Amino acid sequence: MDLSSDVWNQVALEASQLYFGEDGKSRFANTSIEKLPDKVILHIFSYLSHLEICRMAIVCRRWRTIAYDTKLWKNVSLRPEVSGLHVGSLEQLLQMVSVRFGASLRYIELPIELITHTVLHELASKCPNLTHMLLDFSTAMQLHDFSEMQAFPAKLRYMCICLSEVIFMEGFMRKIYNFINGLEVLHLIGTYEKCEEEEEEVYEVVNVHKMKSATPNLRVINLYGINFIDDSHIDAFSSNCIQLECLAVNFCSKVTGSTLKALLARSKHLKCLLMNGTDLKSEFVMQAEWDKCSVQELDISGTDLTSECLIDMVTRVPTLRFLSAGQINGFNDSVLKAWMESGMAKSLISLDLDSSDNISDEMLGRFIGRYGGQLQACVLSGMTHITDQLWMTILPTLVNVKIAVMGTTERLGGNIHVDQLMDTIGSSCPKLERLELRWDPENLRFSDKSQKAIDMLRVKCSKLRCMVLSDGRYYETVKANFERADRLTVVRTTTSCRVSAYHVLSNYNELIFN
């Protein structure tokens with residue numbers, strides 16, 4: 001007797017009774033979306049973007065009412081380049097604030113043309129739970145008149161201001177200082193552009209020294225790509241913000257580190273310090289008391305620190321968990337060797353050595369062999385001498401890695417045998433969430449049986465949410481494989497996505513802007 005066939009026959013019978021009545025007709029034959037209750041349609045709409053919700057609103061009166069439910073408008077971007085929403089007039093926005101936003105609004109982004117004292121007053125009075133705001137002045141050629149502004153959202157915990165290069169903000173800032181003393185997260189975003197020479201005059205469009213007095217409760221400060229920020233501004237914030245946990249001054253090229261010693265001495269809670277692309281001087285960095293600081297996450301990529309300075313730093317920071325030190329000529333084998341011998345890498349969970357050409361594959365193999373088991377992020381990209389051979393050696397130790405970036409865009413003399421690499425990643429890294437292969441497509445060698453290796457990666461790395469490849473034949477092969485498994489958003493190209501070790505930062509979610 002075949003028991004398995006009896007079981008499946010019973011399942012089929014019960015399924016038919018569920019979907020078909022005694023007359024043989026489907027129980028759901030007369031069901032349509034119109035018969036769904038409002039709360040179900042509201043839940044469906046919650047998965048749509050605001051642009052799509054606005055399109056749904058023109059279908060019928062019922063859907064219009066549901067689309068304007070304030071529950072759908074908690075986080076709103078009114079910047080057309082971000083959300084696709086374009087507000088035609090201030091009157092239209094004021095109506096939206098009253099009808100759609102109300103007490104549900106938590107986060108809003110406003111472009112320069114919508115930043116007026118009337119709009120800000122309306123947000124303050126109609127949206128009492130607004131805690132996150134982004135104001136984009138980056139394209140401004142002139143500001144609206146704020147002389148009559150008497151109100152501003154007073155419960156803000158997060159504020160991001162995108163600065164203009166030529167518009168002085170002090171007139172506006174003076175009006176809001178009394179309302180922002182509860183801020184915990186502040187982003188000031190400059191108009192950083194990488195260029196060889198800066199010929200234009202630099203204007204200090206925001207008075208940071210006055211701002212620090214109005215924001216004593218800041219925990220996270222991100223000053224990104226601002227051409228006038230220097231060490232005096234860092235000193236100003238550190239003198240007043242005793243709760244500071246994270247300071248980021250990435251691409252502020254005038255920062256030299258001259259106030260670094262004072263910063264570490266004052267900010268007892270400072271755990272994250274990001275200084276990528278700054279003009280750090282080795283003598284200032286070596287003067288800082290790293291052995292007494294609480295810093296656990298450090299980014300010094302793209303600086304000109306010497307090997308002596310780097311050795312002094314990594315051997316003195318007692319609990320360093322995150323280190324990004326790519327594109328530094330001084331970071332060589334002697335630095336890694338001294339770090340290993342000091343035992344100070346015992347807490348390390350993330351290592352980014354992108355484009356560190358002066359480190360040998362032998363020393364990297366020794367370092368990863370010792371500490372690979374504790375790493376959650378490993379970025380060894382941009383180096384032509386680091387190929388699949390080293391990765392095949394170290395991958396079995398990276399059992400806890402969540403983020404891995406490998407390869408270089410430069411054309412190699414040899415080939416990368418990607419099938420074996422995928423197979424090893426799949427069998428060694430079950431916790432992998434983000435993976436990027438930057439090798440040139442012409443260097444990737446794979447066979448007709450590569451589907452098996454891709455299957456291994458897809459099945460074994462079930463948490464993989466992002467896999468980035470250079471556009472080419474192998475990208476198309478991997479993308480098709482994941483799409484057949486209904487994982488449509490995992491595989492992406494290097495032109496639209498880059499993987500970063502920043503995801504493991506403790507303040508990552510608060511550092512996100514734009």
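This is a predicted model: local features need pLDDT of at least 70, side-chain atom pairs count only at pLDDT 80 or more; totals for chains, interfaces and linings use all residues.
Two strands count as paired here if DSSP finds at least two bridges between them. Strands themselves are DSSP runs (E, at least two residues), helices are runs of H or I with at least four, and both are numbered from the N terminus.

**Entry 1: ground rules**

Residues are numbered from 1 along each chain as its sequence is written, and side-chain values use heavy atoms, with hydrogens and water left out.

**Entry 2: the whole protein**

I looked up the overall figures next. The protein has 20 helices and 18 strands, and its C-alpha atoms fill a box of roughly 90 × 70 × 40 Å along the principal axes. Of its 514 residues, 48% count as buried, where buried means under 20% relative accessible area, exposed means over 50% and partly exposed is in between (1.4 Å probe, protein chains only). I also checked contacts, meaning heavy atoms within 4.5 Å. Among those with a separation of 6 or more, 79% are between residues 24 or more positions apart.

I began at strand β12 (residues 377-381), which is joined to strand β13 (residues 403-407) by five bridges, the two running parallel. C378 has A404 of β13 as its bridge partner. Between β12 and β13 the chain passes through α16, and this β-α-β crossover is right-handed. By that I mean that, with the strands pointing away from the viewer, the path from the first strand over the helix to the second runs clockwise. In β13, five of five residues are buried.

From β13 I moved on to β15, and these two pair in the parallel sense over four bridges. I403 has R434 of β15 as its partner. R434 turned up again at the next step, where it stands opposite C466 in β17. Strand β15 (residues 434-437) and β17 run parallel and share four bridges.

Which residues cover the two faces of β17? On one side I found C466 and V468, on the other M467 and L469, and all are buried.

The chain goes from β17 through helix α19 (residues 473-484) to β18, in another β-α-β crossover that is right-handed.

**Entry 3: helix packing**

I then turned to the helices. Axes here are lines fitted to C-alpha atoms, for helices over the stretch in contact, with angles from 0 to 180 degrees between N-to-C directions. Helix α17 (residues 418-428) and helix α18 (residues 450-460) have axes 8 Å apart at an angle of about 25°. The two are therefore roughly parallel; the classes are under 35 degrees for roughly parallel, over 145 for roughly antiparallel, 65 to 115 for roughly perpendicular, and oblique for the rest. Their crossing is left-handed. For the hand, the near helix is turned from the far one by less than a right angle, anticlockwise for left-handed and clockwise for right-handed.

I noted that eight of the eleven residues of α17 are buried, among them V418, L421 and T424.

What angle do α18 and α19 make? Their axes come within 10 Å and cross at roughly 55°, so α18 and α19 are oblique to each other. This crossing is right-handed. The contact residues include S450, I454 and R458 of α18, and Y474, V478 and F482 of α19.

Is D388 buried or exposed? It has 8% relative accessibility, so D388 counts as buried. D388 sits in helix α16 (residues 388-394) and, not counting residues up to four places away in sequence, touches N415, I416, H417, L421 and W439. I also took its C-alpha distance to Q420, 32 residues away along the chain, which is 8.9 Å.

S282 is in helix α12 (residues 282-287) and is buried at 11% relative accessibility. Beyond four places in sequence, S282 touches D304, L305, T306 and C309.

S301 is in the loop between β9 (297-299) and α13 (307-314). S301 is buried too, at 5% relative accessibility. Leaving aside neighbours within four places, its contacts include M275, N276, S324 and I328.
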